[in-house]
Amino acid sequence: MTAARPGPEVPTATYRLQLQPSFPFAAAAAAVPYLASLGVSHLHLSPVLESVPGSTHGYDVVDHTRVREELGGEDGLRALARTAREHGLGLVLDIVPNHMAMAPWYNRALWEVLREGPESPYARWFDIDWEAQGGRVLLPVLGGPVGSELDRLVVDGDVLRYHDHVFPLREGTAHLPLPRLLDAQWYRPVWWRLARTELNYRRFFSISELIGVRVEDPEVFGATHAKILQLLHEGVVDGLRVDHPDGLADPGGYLRRLHEATGGRWTVVEKILADGEHLPADWPVAGTTGYDALRHVDGLFTDRTGAYELLGRYRAFAAPQTDRGGNWDATVRRAAYKVLTHELATETDRLTRVAARLCAASPDPSLRDRAPWALRTAVEELLVRMRVYRPYGCEDATAVITEQAAEEARLAFVVPEEADAVGIVRRLLVGEPGDASAPDHAGRAEFCARFAQTASALRAKAVEDTAFYRYVPLLSAAEVGGDPGSPGVYPDDFHAYCARVQRDWPATGTVVTTHDTKRSADVRAALAVLTECPDRWAKVLAEVSRAEAGAPDGQLAWAAWQTVFGLGPAEEERVRQALLKHVREAGMYTSWTEQEPSYEEAVAAFLTAGPCGPPGERVAALRKSLEPHIRANVLGTALVQLTMPGVPDVYQGTESEYRALVDPDNRRPAPFPPPVPGEKDALTAAALRLRARRPGAFGTAASYAPLAADGPAAEHCLAFTRSGEVVTVVTRLSLRLAESGGWRDTRLELPPGRWTDALNPGREFTGDMSVADLLDRFPVALLERSGEG
């Protein structure tokens, strides 16, 4: 591992604030005294650079040289930093290197490119394929074919207007008739439906409103990072969170350049690790933003056996109406094919063209004259078999694009003679050392980079944004970084993960709720209880299904009932918006681009009559009966995340019980301080203050060791110690525990010394403890070493 990680001033804990016009820097500054009292060391701010006006998230950057005026501008940010410093807090910024907003009127660099074309000094900023579409950038803004929209395109001086869109005119073209004027520009407005097949610029995933930025170019890196680096070097900011590095051409190279430019400041990356995948060891970062930790923490409170029983119940419930969504691997594969041939069709086209060009130019006759359709099929078949987000350079491709995957890909060819295209594409990606007949190095490097970028977009879109909404047996498992096909984590696996993190990435981030989670940790904690009572859940669903008028399909009904169970009492509109997003992302009966009004109306009617109507009271009653076990999961999840190896990030409002669904529901401003503090607030504050009080117990030089309980209920006790100074004890699968007779004579041997209960001041423990006595007031315990035994 690299000695440069984790850099100076590692936070003890961060607190994420989602800035937006309704919650600017001044509001954050007003919350500082309360946040400092919690015990965090740094505020973690969402992107602060100038973005599209009104943006509620800030990831649509339009100007890297300015701090966003809607938030209070640079003066407001510096004032927040001063207030934070006065209370002992630092700042961590979220930065967005991969993309900018496709909003020319606000994005002046893009404006210049559209006006001056590839000769613009800003043309190198954006990942545009100037060889395609006649050398013009396609802008998917029209509401219909261009012929039907001509009357709405208006020349106004030196600009072209279309509704709220404004575009520059090339010099000397304003006098031309509109059809000729459109032909004379460096861009072409097109019907938005063409976005999936004809666009010639790299996007963020498949979002046409976000255009890829080429930060691999040193000049572009310097121009897009100057303000952030200034804020770092002047002490306004202390650390960074890097958004979506997988979209970059060379993530490792970018991170090395960033590390050097920041002087090694604490930096974490939003890298989604597949199960068993590890962060590249040569990345000079502190670690990830924490989705790998989320998967392991959630898994502790999920009964793996019960989850598979729940899957069987789901198949019985939904199978009569749909055969989709009952097998995880098949669901992902179907979603990947759909995304490649629709949303990412233009990226696949570009990859195929690069592959064909390399083959045609190769000195090896076996590579020349390959049919483009065969190369495209090979590219697609290898992409859909990727089980990680992307390889990192050609060297890493061997490990993630396996011979087994290639062999499976060959079976997709109807004409066996064309199947060797798979080997050719794999050879382009993997290469053979010393192969004099291999295509040129630069060309291969481009192909490898674009394959990796497309792979990451495919994985995100096919898994996170499609399959997670189609495979719904247990909604809590369908979370960013999760593996719904294998829910549940055994304690031994959790301990092994924590030991590896403490050894290799001790300053990595940990999260359980973020602005991107589809359900907050407390909603997922409630849903996990269903894996302990799949029969009861199935019985309740049978009852409510008889009572309500009927759902559009069984899959949607199952997901809707789980949503209201996990969320608890809430406004119907919140549920309706989340379920509408659910069915559009799933793309089975309606979608964002091809909406089916009759189906969506049926969904809304079902929600009103069923989950949000009188039948929903039966599900609410089940939730109420399970409340003690939901409580155990909520408190256990919070305590484990706050005391396990890594730097915990507390999402705004989650120090209290926090029930939220997918964005925008989870991006609403939080109240500071919370109006009615409860026991989760007390637990969070106790754990954070303990981290601040004993930084050595949790820091980069700390240790982690599991503590094994002994007795009939030992499997329900998860315990560990940090550096022999702090002990965490939580209850897992508490419903199963209660049904089996409780703790009985299960015992836990504490490390030597006297231990004070941080959640119940005044209580002390030593030696061999009855778990029932230790957890007689709360389902969790946090112990601090107070002296020798």
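Predicted model: local features only at pLDDT ≥ 70, side-chain atom pairs only at ≥ 80, totals over all residues.
Q: Why is His 163 called exposed?
A: The relative accessible area of His 163 is 58%. Exposed means over 50%, so with 58% His 163 is exposed. The residue is found in the loop between β9 and β10.

Q: Why does His 244 count as buried?
A: Buried means under 20% relative accessible area, and His 244 has 9% relative accessibility, so His 244 is buried. You will find His 244 in the loop between β14 (239-242) and α8 (251-262).

Q: What makes the phi of His 163 worth a look?
A: Phi of His 163 is near 50°, which is a positive value in a residue other than glycine. His 244 also has a positive phi, near 45°, and is a residue other than glycine.

Q: Which glycine with a positive phi follows α3?
A: That is Gly 117, with phi near 75°. Within helix α3 (residues 108-116), the buried residues are Ala 109, Leu 110, Trp 111, Glu 112, Val 113 and Leu 114. They pack against several strands, including β6 (99-101), β7 (137-142) and β13 (207-212).

Q: How do you know that β23 pairs with β20, β24 and β25?
A: Two strands pair if there are at least two bridges between them. Strand β20 (residues 709-710) is joined to β23 (residues 747-757) by 2 bridges, so that pair meets the cut-off. Between β23 and β24 (residues 764-770) there are 6 bridges, so these strands pair as well. With β25 (residues 780-787), β23 has 4 bridges, and therefore this is a pair too. The β20 and β23 strands run antiparallel, as do β23 and β24, and β23 pairs with β25 in the antiparallel sense.

Q: Which residues stand opposite each other in these pairings?
A: Ala 709 has Leu 748 in β23 as its bridge partner. Arg 754 stands opposite Thr 766 in β24, and Asp 757 has Leu 783 in β25 as its partner.

Q: What lies between β23 and β24 in their hairpin?
A: The hairpin has 6 residues between the two strands, and Gly 762 in the turn has a positive phi of about 105°.

Q: How many residues line the second largest pocket, and which lie nearest its centre?
A: The lining has 41 residues, and Asp 275, Asp 292, Arg 295, His 296 and Tyr 497 lie nearest the centre. Elements that give two or more residues to this lining include α9 (291-300) and α18 (491-504). The pocket has a volume of about 660 Å³, and its lining divides into 16 nonpolar, 13 polar and 12 charged residues.

Key:
Residues numbered from 1 in each chain as written. Heavy atoms only, no water. 1 Å grid on protein atoms, 1.4 Å probe; cavity = no way out; pocket = protein on both sides within 12 Å on 5 of 7 lines; lining within 4 Å. Points joined across faces, edges and corners; volume = space filled by probe spheres on them. Nonpolar A, V, L, I, M, F, W, Y, C, P; charged D, E, K, R; others polar. Buried < 20%, exposed > 50% of the residue type's maximum accessible area, 1.4 Å probe, protein only. Contact = heavy atoms within 4.5 Å.
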